[in-house]
Amino acid sequence: MPADGMTGLMAGTQGDIMRRDRNQHPPAFTPQYKTSVLRSPRRALVSLEPGPGENAGPVFKARILEPLDNDLIRNYAQAEGNHGDAQGERIIVHGKVLDECGRPVPNTLIEVWQANAGGRYRHKNDSYLAPLDPNFGGQGRCMTDADGNYFFRTIRPGPYPWRNNGSDWRPAHIHISLFGHAFVQRLVSQLYFEGDPLIPFCPIIGTLPDKAAAERLVARLDMGNAVPFDALAYRFDVVLRGRRQTFFENRPEGM
Amino acid sequence: MPVEYLKETPSQTGGPYVHIGTLPAFAGLAVRTQEQPHIIDGAGERIRITGLVIDGSGTPVRDALLELWQADAEGRHNAGDFSGWGRAAASSETGEWMFETVRPGVVPWRDGRPQAPHVSLLIFARGINIHLHTRMYFPEDAAALEADPVLRSVEQAGRRATLVAERTAAADMPSYRFTIHLQGDAETVFFDM
């Protein structure tokens with residue numbers, strides 16, 4: 001290890017991942033979302049500072065991506081050109097991934113999945129009566145660039161009913177998965193759409209105790225970045241856990 | 001006013017169709033059908049880990065997604081070609097999941113004390129609002145388990161056993177069984193690190 005204690009990462013990024021602010025997240029036990037009742041641990045989580053393995057994390061290289069991975073309109077197309085485009089309202093979703101300190105999170109993998117324009121997922125377990133779109137798979141991937149920016153193209157997903165309190169309805173949403181650069185920065189969430197009238201009725205958004213936190217899951221209509229005569233744009237920024245600076249912390253040999 | 005930081009984006013459940021985005025071939029999509037992210041290649045002793053995630057009624061969770069993260073056989077993360085990362089789906093019929101990987105080496109804890117060899121696991125599923133983080137240790141390492149700084153941080157000594165797998169008989173490679181209990185008397189220890 002170099003004498004200055006740095007591990008070769010950028011200055012200011014070599015410390016521990018900051019503790020998770022659990023007030024920003026849903027608790028495990030949320031009986032209005034019935035499935036959580038039997039799947040929620042009842043004992044307190046064991047709190048520990050992250051170790052070397054938790055401050056590190058898997059690295060995904062851009063070379064795993066295929067050219068259409070971030071284009072859900074075309075990446076499951078059954079025909080060439082726009083004859084194979086998915087049905088629905090064409091949208092671009094874009095934004096920046098930052099950490100809690102405001103630093104961009106570059107070169108990190110983002111995975112997304114969603115229902116089609118009718119609210120039907122292409123999954124062996126989804127039997128909703130809305131039809132499958134032969135040209136829509138509903139999954140995509142991208143990496144953030146050197147400044148933490150990402151984008152993908154898709155169709156706006158439809159709302160759909162699900163069995164919870166009778167037939168509840170999910171607002172339109174896109175599932176999003178991020179890794180960051182540390183194992184404990186992992187985050188899976190869902191983005192919603194500005195103005196969706198179903199948002200206030202959703203038991204899953206309702207798992208969030210802080211309404212301001214729920215607001216941060218709403219992608220904003222971005223007319224400035226709409227593609228003329230092609231696609232609307234929505235902006236969705238993501239914040240992952242930050243990393244502490246190290247002050248007066250001598251690391252033992254070998255860490 | 002204290003210094004302000006950005007607030008972490010809130011978690012939401014991965015939902016029942018988490019596989020579409022994470023293991024598309026498992027969901028039934030004709031996408032990346034050759035990938036086998038539950039098999040982690042690398043130098044070292046090959047091992048198999050199988051298990052179940054059990055809900056509060058004793059029923060296997062059949063829509064769970066697990067992610068594994070570990071050091072290589074020498075106790076290093078992100079060294080060489082070893083990814084250290086894997087992903088597996090619970091069977092839609094039985095809830096069984098499986099990883100094949102290499103036996104991890106010893107990683108020092110924050111204070112330099114050795115940790116017993118272990119893999120870290122994250123669990124995602126419908127009804128799990130924010131993913132659960134646990135560890136699996138190996139039963140042969142009795143002295144190292146006794147001294148492990150993370151196990152020792154679990155105040156109730158009787159709960160530490162929830163993090164230790166069972167060795168099972170298998171002819172081809174050392175195999176381990178790890179049952180994760182989301183609730184109940186045997187509730188697995190989950191971490192907030």
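## Exercises on chain B

In chain B, 68% of the contacts between residues at least 6 apart in sequence join residues at least 24 apart; a contact requires C-beta atoms, placed from the backbone, within 7 Å. This is a predicted model, in which local features need pLDDT of at least 70, side-chain atom pairs count only at pLDDT 80 or more, and totals for chains, interfaces and linings use all residues. Residues are numbered from 1 along each chain as its sequence is written, while chains are lettered from A and ligands numbered from 1 in the order in which they are written.

**Exercise 1.** State how many helices and strands chain B has, and in which order the elements run.

*Solution.* Step 1: helices are DSSP runs of H or I with at least four residues, strands runs of E with at least two, numbered from the N terminus. Step 2: chain B has four helices and nine strands. Step 3: from the N terminus, the order is α-α-β-β-β-β-β-β-α-α-β-β-β.

**Exercise 2.** Decide whether B:Thr101 is buried or exposed.

*Solution.* Step 1: a residue is buried with 20 or more other C-beta atoms (placed from the backbone) within 10 Å of its own, exposed with 12 or fewer, and partly exposed in between. Step 2: B:Thr101 is buried because it has 26 C-beta neighbours inside 10 Å. Buried residues are 48% of the 193 in chain B.

**Exercise 3.** Locate B:Thr101 and find its contacts beyond four places in sequence.

*Solution.* Step 1: B:Thr101 belongs to strand β4, residues 97–102 of chain B. Step 2: leaving aside neighbours within four places in sequence, B:Thr101 contacts B:Ile40, B:Ile47, B:Leu68, B:Gln70 and B:Gly86.

Methods: Two residues are in contact if their C-beta atoms, placed from the backbone, lie within 7 Å.
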